[in-house]
Amino acid sequence: MKFDYDIIVVGAGHAGCEAAVAAASLGSNTLLITMNLALVAQMSCNPAMGGIAKGQIVREIDALGGMSGIVTDHTMIQFRMLNLSKGPAMWSPRAQCDKTAFSLYWRQVLEQTPNLKLRQDTVTKLLFQKNCVVGVETQLGKKISARKVILTNGTFLNGRIHVGEVNFTGGRMGESASFLLSDQLKKHGIRTEKLKTGTPVRIDGRTIDFSKMEEQKGDDIPSNFSFTNTPKLKNQKSCWIVYTNKDVHDILQKGFEKSPMFQGRIQGVGPRYCPSIEDKLVRFSDRERHQLFLEPEGRNTVEFYLNGFSSSLPEEIQVEALHKIPGLEKAEIFRPGYAIEYDYFNPTQLHYTLESKCIPNLYLAGQVNGTTGYEEAACQGLMAGINAHLSIQNSEPLILTRSQAYIGVLIDDLVTKGVRDPYRMFTSRAEYRILLRQDNADQRLTPIGHQLGLVSDARYRRYQNKYRLQNRISEYLRGHLTEYSKINRMLEAKNSSLLTQNIRYSQLLLRPEITIQDIIESDENFSNFLVRLKATTENIKNAETSIKYESYILKEEEFVQKMSNLENVKIDPDFDYHQLVSVAKEAREKLSQVKPVNLGQASRISGVNPADITALMIYLQQKREK
């Protein structure tokens, strides 16, 4: 069969854009189809990228050669590194973006990517040959064939919007939903379920009294997401912190009788970690107030996003409650908050490549897999685009492990455990947090991106030079002794124990109260060495982290090595778990459903306990010995 394209990507949200650019950049002839080309990579919820664990994902996307970090750096209006009071494993970059500029910059990236064509249209059905996908058919009657199809439909599949007692179909406010695809996939054996998400009111900034609010500025020295040479942020815009109160809560509760969530009109499960304001009042009824953030939507607009005030209550209730918040007494809104209910496909039906187990050549990425958040969607799109291309080339797929990347944690969680409520990434989901820091994402993943062909030779040389410099700083710190007479003055000022003899710089850095900057300011020899080396702030800070946390890093690496033994025990995908009478019935059912590729994945399935894994391991070992 002659195909029109190698790969068709359906949907141009964050997942679709990353998938299309990755596939095309690797050499696949790619078509991206979306309902509205003016709204690519739309920030339909809050105008921000990154955050706790999400920032690590954006840096990983960038390290692999994806575009989300670069687009963010070119369009951000505020940058903050979160969790600096904790260890570096918890540090997470976050940026407020200019919402309109973000979408326009992504459009520019798409239009300048070789091998990528764009089409504004609506995909209404998939084309099949036997049970394999071979293309799509659009609303305009166009039949387009392709070797692989990647669906990234977000919240558009059978989407329904709710505002109080009013509800209507839509994928986002003002945009049509997609109705036929989901039903077609059900007929081909894919299990479809419902989820719900929501968004808050958008407020006219001209009607806000900021004098009654707490200002939240960006970092004094803002950083970047991308490891490339993107512009440094200037003229940051502030966010503002406000709180609800008893009056706000009382008004919101008046609307519960018309709430689509409490009256059963919404069947989908909402996000556990980003609940609506009415859900917060029920779940945290003992709290007298809830923190909210006013976030600017861009440099050239007066529109503000009220983070934490997501709601599907009637509009008049939302506005009445809003007016009881200090500073928002006279606030006028551009649009009310709303909830959206949509179809998703349980991701246990996917291979690690994000290809469907039911339908060959069909890949699913983003919110259709039950995730929430731009970052979670974008990384799935990147991996789907890469793996669809590699499959066409008959190459080995790219499957990141849990010890390599948060992306690996996310995909393993989806495929192994499935989703009951919208999945959001947290640092607590990763058992190897010290290895998966935001500062070393390029060290972990840029060699992979270069090997794939997404990272250029020039960028890879810069990466190699960066780590040569960092290694030289680390070697200096480990190989040179302090002059304790000089250092003691600094130690006394820091209330740290004085030295009675010279010790290695690396030993001194192990003291929690001592930073590498303290050493630079106290020892001219080390300071001069860094000047001669032309070391950057990033080089210096990363070298400090590698030394301060070396023992913890080594422990995690040892644990990874132990766990890899389980990952190396492969399991036949057609293995009959029902024959294992020594394994609990629930475990047999879960194992049969997920069909784990190895013993490590089997051990992470919800409902499978250590005794079940031991029994399975013994059986597999006995089978190999026969």
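## Hairpin of S7 and S8

In the hairpin of S7 and S8, two residues lie between the strands, and Lys-130 among the hairpin residues has a positive phi near 60°. S7 covers residues 123–129 and S8 covers residues 132–138; they pair in the antiparallel sense over six bridges. Leu-126 has Val-136 in S8 as its bridge partner. Strands pair here if DSSP finds at least two bridges between them. Strands (E, at least two residues) and helices (H or I, at least four residues) are DSSP runs, numbered from the N terminus.

This is a predicted model, in which local features need pLDDT of at least 70 and side-chain atom pairs count only at pLDDT 80 or more, while totals for chains, interfaces and linings use all residues. Residues are numbered from 1 along each chain as its sequence is written, and side-chain values use heavy atoms, with hydrogens and water left out.

## Overall form

The chain has 21 helices and 20 strands. Its C-alpha trace spans about 80 × 75 × 50 Å along the principal axes. For 626 residues, a compact globule would have a radius of gyration near 25 Å, and the 26 Å of the chain agrees with that. The radius is taken over C-alpha atoms, and the globule rule is 2.2 Å times the number of residues to the power 0.38.

Of the 626 residues in the chain, 58% are buried. Buried means under 20% relative accessible area, exposed means over 50%, and partly exposed lies in between (1.4 Å probe, protein chains only). Helix H3, residues 68–75, is mostly covered, with seven of its eight residues buried. Those buried residues are Ser-68, Gly-69, Ile-70, Val-71, Thr-72, Asp-73 and Thr-75.

Strand S16 (residues 291–296) pairs with strand S15 (residues 239–243) in the antiparallel sense, over four bridges. In this pairing Val-242 stands opposite Leu-292 of S16.

S16 also pairs with strand S17 (residues 303–307), again antiparallel and over four bridges. Here Glu-295 stands opposite Tyr-305 of S17. A hairpin of six residues joins S16 to S17.

## Second largest pocket

The second largest pocket has a volume of about 1,300 Å³. It has 35 lining residues, and those closest to its centre are Ser-223, Lys-232, Thr-536, Thr-537 and Glu-538. Two or more lining residues come from each of strand S4 (76–82), helix H11 (441–452), helix H12 (457–479) and helix H17 (537–548). The lining divides into nine nonpolar, 14 polar and twelve charged residues.

A pocket is an open set of points on a 1 Å grid over the protein atoms alone where a 1.4 Å probe fits, with protein on both sides within 12 Å along at least five of seven lines; lining residues have an atom within 4 Å of a point. Grid points are joined across faces, edges and corners, and the volume is the space filled by probe spheres set on the points. Ala, Val, Leu, Ile, Met, Phe, Trp, Tyr, Cys and Pro count as nonpolar, Asp, Glu, Lys and Arg as charged, and the others, Gly among them, as polar.

## Loop residues

Leu-354 is not a glycine, yet it has a positive phi of about 75°. It is found in the loop between strand S19 (338–345) and strand S20 (362–364), and its relative accessibility of 0% makes it buried. Asn-394 also has a positive phi, near 55°. It is in the loop between helix H9 (374–392) and helix H10 (406–417). Asn-394 is exposed, at 73% relative accessible area.

Ser-582 lies in the loop between helix H18 (550–567) and helix H19 (585–594). This serine is exposed, with a relative accessible area of 56%.

Cys-97 is in no disulfide; the nearest cysteine sulfur, that of Cys-239, is 11 Å away. Cys-97 is buried at 0% relative accessible area, whereas Cys-45 is partly exposed at 24%.

Glu-193 lies in strand S12 (residues 192–199) and is partly exposed, with a relative accessible area of 33%.

Key:
A disulfide is a pair of cysteine sulfur atoms within 2.5 Å.
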